[in-house]
Amino acid sequence: MEPKGISQEGGNTSLRDALANLGRKLTQGRNSREQGTETRELERLRDSYLSLMQGCLTGIIYEDKPLKALGTEVYDRSVREVGRDWPSMAHTMIGVKRLANLRTLAESVIRNRIPGDLIETGVWRGGACILMRAILNAHGVTDRRVWVADSFQGVPPPDSKNYPADEDSTYHTFEELSVSFEMVRRNFERYGLLDDQVVFLKGWFKDTLASAPIDRLALLRLDGDLYESTIIALNTLYDKLSPGGYVIVDDYHVVSGCRNAIGDFLASRKISSGLSEIDGVGVFWQKTPLS
Ligand SMILES: C[S@@+](CC[C@H](N)C(=O)[O-])C[C@H]1O[C@@H](n2cnc3c(N)ncnc32)[C@H](O)[C@@H]1O
């Protein structure tokens, strides 16, 4: 009886095939082991880079003191954690947890291939948008852009005729909220992240957002401090958000006008997916994914 794997024709092709198969399997095994190691190393380096960016952008690395505008000038890590102060130097005021939430959701739309760009409406010194650009960089994403929308001259005075919910807002009186276009550009440059994947929308949201040449969004971050700023961004941009994309609302629990705008918008669109909490200040929701 012919031993298994050995043919008659002066050769043992079956055995050879079997060995070749085994070799292939071993090679594949080695390659996938190597690939696994490389993937883990890549993830480690990516996390190191983005964590360092987060530490710099929030100012926790150098214990950046807060501006006097909101009271104390003493740095308190627990306050910065939930973004309840305005940093004197750091490039974002949204704090550690909301910046981490931005990273989680931005990485989720990349991993889950939710199509579209990323935008923040209300950027101040640009830090949250700088992190968005860094995330694209860390994941080697070259076909998405970061839209940076701001007046670059602070919050507008309340238009209480059209938006009564803003009547008592005093945010327009804070010079600290006015950061020039040149300064924000320079901040991107400082991190080596200013390029053609960053697009600035300069002006009041009522003049810029509706006509912005944005095709599709995967992530919409709202941080405009007013009913007006929140509702305009939603009314003009929500329909461009891909199913499975996210809306992040920075001020939900601390600015009543913003909260009212979200309530009105969700009711008008009959959206009942529910809001997820971030840090007791901000919330987010996911647009119903395609099934
Ligand atoms: C609280 S700050 C944003 C903080 C920022 N997201 C960060 O990471 O630190 C609010 C920003 O919204 C902008 N803003 C508010 N309402 C606006 C509007 N209607 N049009 C244009 N910019 C507006 C202000 O100029 C300001 O830069």
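**Ground rules.** I am working with a predicted model, where local features need pLDDT of at least 70, side-chain atom pairs count only at pLDDT 80 or more, and totals for chains, interfaces and linings use all residues. Residues are numbered from 1 along each chain as its sequence is written. Helices (H or I, at least four residues) and strands (E, at least two) are DSSP runs, numbered from the N terminus.

**Strand E4.** I looked up residues 217-222, which form strand E4, and found 6 of its 6 residues buried. Buried means that 20 or more other C-beta atoms lie within 10 Å of a residue's own; exposed means 12 or fewer, and partly exposed is in between, with C-beta atoms placed from the backbone.

**Its partners.** Which strands pair with E4? Strand E1 (residues 117-121) pairs with E4 in the parallel sense over 5 bridges, and strand E5 (residues 241-249) also pairs with E4 in the parallel sense, over 5 bridges. I count two strands as paired if DSSP finds at least two bridges between them.

I then followed leucine 219 of E4: leucine 118 stands opposite leucine 219, and in E5 its bridge partner is tyrosine 246. Tyrosine 246 in turn has glutamine 286 of E7 as bridge partner. Leucine 222 is bridged to valine 249 in E5.

Strand E7 (residues 283-286) runs antiparallel to E5, and 4 bridges join them.

**The crossover.** E4, helix H7 (residues 227-237) and E5 make a right-handed β-α-β unit. Right-handed means that, with the strands pointing away from the viewer, the path from the first strand over the helix to the second runs clockwise.

**The ligand.** I listed 24 residues around the ligand, the closest being Thr92, Gly122, Trp124, Ser151 and Ser229. Helix H4 (127-138) and H7 are the elements that give two or more residues to this shell. The shell divides into 12 nonpolar, 7 polar and 5 charged residues. Ala, Val, Leu, Ile, Met, Phe, Trp, Tyr, Cys and Pro count as nonpolar, Asp, Glu, Lys and Arg as charged, and the others, Gly among them, as polar.

**Positive phi.** Tryptophan 124, in the loop between E1 and H4, has a phi near 55° and is not a glycine. Is tryptophan 124 buried or exposed? Tryptophan 124 counts as buried because it has 26 C-beta neighbours inside 10 Å.

Arginine 113 has a positive phi of about 55° and is found in the loop between helix H3 (95-111) and E1. Arginine 113 is exposed, because 9 other C-beta atoms lie within 10 Å.

How values were computed:
A residue is near a molecule or strand if its C-beta atom, placed from the backbone, lies within 6 Å of it.
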